[in-house]
Amino acid sequence: RSKNLGRSRTEVFARDTHIVRTGQIQLETDLRKAIENEELELFYQPIIDLEQGRTIAFEALTRWHHPERGFVSPVDFIPLAEDTGLILPLGRWAMLESCRQLRAWQSSFAGTKDLFVNVNMSAVQFLQDDIPATVAQCLKETGIQGRNLRLELTESALVADPDGAAECLHAIKRLGPTLALDDFGTGYSSLNYLNNFPIDCIKIDRSFVGRVDRDDQSAKIIRIITMLADTLKMSVVAEGIENSEQHMMMRSLGCRYGQGFLFSRPLPKEEATAHLKASLK
Ligand code: C2E
Ligand code: MG
Ligand code: MG
Ligand code: MG
């Protein structure tokens, strides 16, 4: 009996897997086309100085409006892009497009010399792409200063090949860009990473930030992270600030910068431009 159950379970599983796979293959084909036809779009979420209220940067976040399926979340297509190698052209496009946008903002508005863009980099890009070459090419093509570009990476980019990653990060930094460790607190979070890699900024994951106003334990952990960052001369950005209690808490816990729906959702470029214009006044 248990054997039968086992077999039928396997069959059901196989059928489901097949359906999922067929969908995945279609989605893969569509994503490939979307990249070729430039159907992807970048949204920009402001990163705020929590003391002065100024916008200091924008994080570029990729959006895909699928012709039939509508909006597909990056949570669904980034893993697919990673599995299929499409993350390489996608990642290069995202970096180039954000730098072009920054260049446009810098030529339209005074007071944007220090504004920077944050671009997300997948671990797969670290393993498969020559990121320093991609960065160099991108800076050359857009004419922005290296220091106006910040790459966001997660700890997963560092685990597979720590020596190779360290070399790659140093090569990036020689070109001027700075580095942020994204989703801090959710991954392996080995303190070694902070010590052994040239990281400039820690982004505290929104799972901590989202309960800092209700949960004493999260507040204590955040305090430790900001103290650690201070000691290591890194800046700290809080992700996912949604209400003013969280804003105040993060400030009092020593976190200087933040982003979240309280300040702004990720915005299409025209709205990001309007936001920037208003924040410069
Ligand atoms: P992430 O880099 O941690 O980006 C922050 C995510 O939090 C974004 O989700 C943003 O919309 C969301 N967020 C910001 N503030 C709030 C808030 O107050 N509340 C809540 N609930 N969410 C907030 P999004 O745009 O869906 O992106 C999800 C993830 O997809 C990103 O997480 C990043 O890991 C990845 N991603 C997006 N664009 C790219 C890209 O161009 N390249 C790569 N490699 N990854 C990307
Ligand atoms: Mg990010
Ligand atoms: Mg993040
Ligand atoms: Mg995240």
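Me: What do the buried residues of H10 pack against?
Reply: This is a predicted model. In it, the buried residues of H10 pack against E6, strand E7 (201-204), helix H9 (206-209), E8 and H11. Those buried residues are Ser218, Ala219, Ile222, Ile225, Thr226 and Ala229.

Me: How do you know that the length of helix H10 agrees with its number of residues?
Reply: Helix H10 has 16 residues (216-231), which at 1.5 Å a residue should span 22 Å. The end C-alpha atoms are 23 Å apart, so the two agree.

Me: What makes aspartate 215 a cap for H10?
Reply: A side-chain oxygen of aspartate 215 lies 2.8 Å from the backbone nitrogen of glutamine 217. The cut-off for a polar contact is 3.5 Å. Aspartate 215 caps the N-terminal end of H10. Just after H10, lysine 233 takes a positive phi of about 60 degrees.

Me: Which residues coordinate the magnesium ion (ligand 3)?
Reply: Asp182 (OD), Asp183 (OD) and Glu239 (OE) do, at 1.8 to 2.3 Å. Donors must lie within 2.8 Å of this metal. Along the chain, these donors follow the spacing D-D-x55-E. Aspartate 183 is in strand E6 (residues 178-184), and glutamate 239 is in the loop between strand E8 (235-238) and helix H11 (244-252). The pair is 56 residues apart and links distant parts of the chain.

Me: Why is aspartate 183 called partly exposed, and why is glutamate 239 called buried?
Reply: Buried means under 20% relative accessible area and exposed means over 50%. Aspartate 183 has 27%, so it is partly exposed. Glutamate 239 has 11%, so it is buried.

Me: Which residues coordinate the magnesium ion (ligand 2)?
Reply: Glu59 (OE), Asn120 (OD1), Glu152 (OE) and Asp182 (OD) do, at 2.0 to 2.3 Å. The spacing of these donors is E-x60-N-x31-E-x29-D. Glutamate 152 in strand E5 (residues 149-153) and aspartate 182 in strand E6 are 30 residues apart.

Me: What makes aspartate 182 a bridge?
Reply: Aspartate 182 coordinates both magnesium ions, ligand 2 and ligand 3. The two ions lie 3.8 Å apart.

Me: Why are glutamate 152 and aspartate 182 called buried?
Reply: The limit is under 20%. Glutamate 152 has a relative accessible area of 1%, so it is buried. Aspartate 182 is at 7%, so it counts as buried too.

Me: Why does leucine 191 count as exposed?
Reply: Leucine 191 lies in helix H8 (residues 191-196). Its relative accessibility is 54%, over the 50% limit, so leucine 191 counts as exposed.

Me: Is glutamate 97 buried or exposed?
Reply: Glutamate 97 is at 16%, under the 20% limit, so it counts as buried. It lies in helix H3 (residues 87-108). Leaving aside neighbours within four places in sequence, glutamate 97 is in contact with Leu42, Tyr44 and Lys269.

Me: What confidence does the predictor give?
Reply: The protein averages a pLDDT of 91, and 92% of the residues score at least 70. Over residues 1-7 the pLDDT is below 50. For the complex, the ipTM is 0.98 and the pTM is 0.92.

Terms used: Residues numbered from 1 in each chain as written. Chains lettered and ligands numbered in written order. Predicted model: local features only at pLDDT ≥ 70, side-chain atom pairs only at ≥ 80, totals over all residues. Heavy atoms only, no water. pLDDT = per-residue confidence, 0-100. Contact = heavy atoms within 4.5 Å. Donors = N, O, S within 2.8 Å, 3.2 Å for Na, K, Ca; no water. Helix = DSSP H or I, 4+ residues; strand = E, 2+ residues; numbered from the N terminus. Buried < 20%, exposed > 50% of the residue type's maximum accessible area, 1.4 Å probe, protein only. Expected span 1.5 Å × (residues − 1). Polar contact = N/O pair within 3.5 Å; in protein donor to acceptor, adjacent residues only side chain to side chain.
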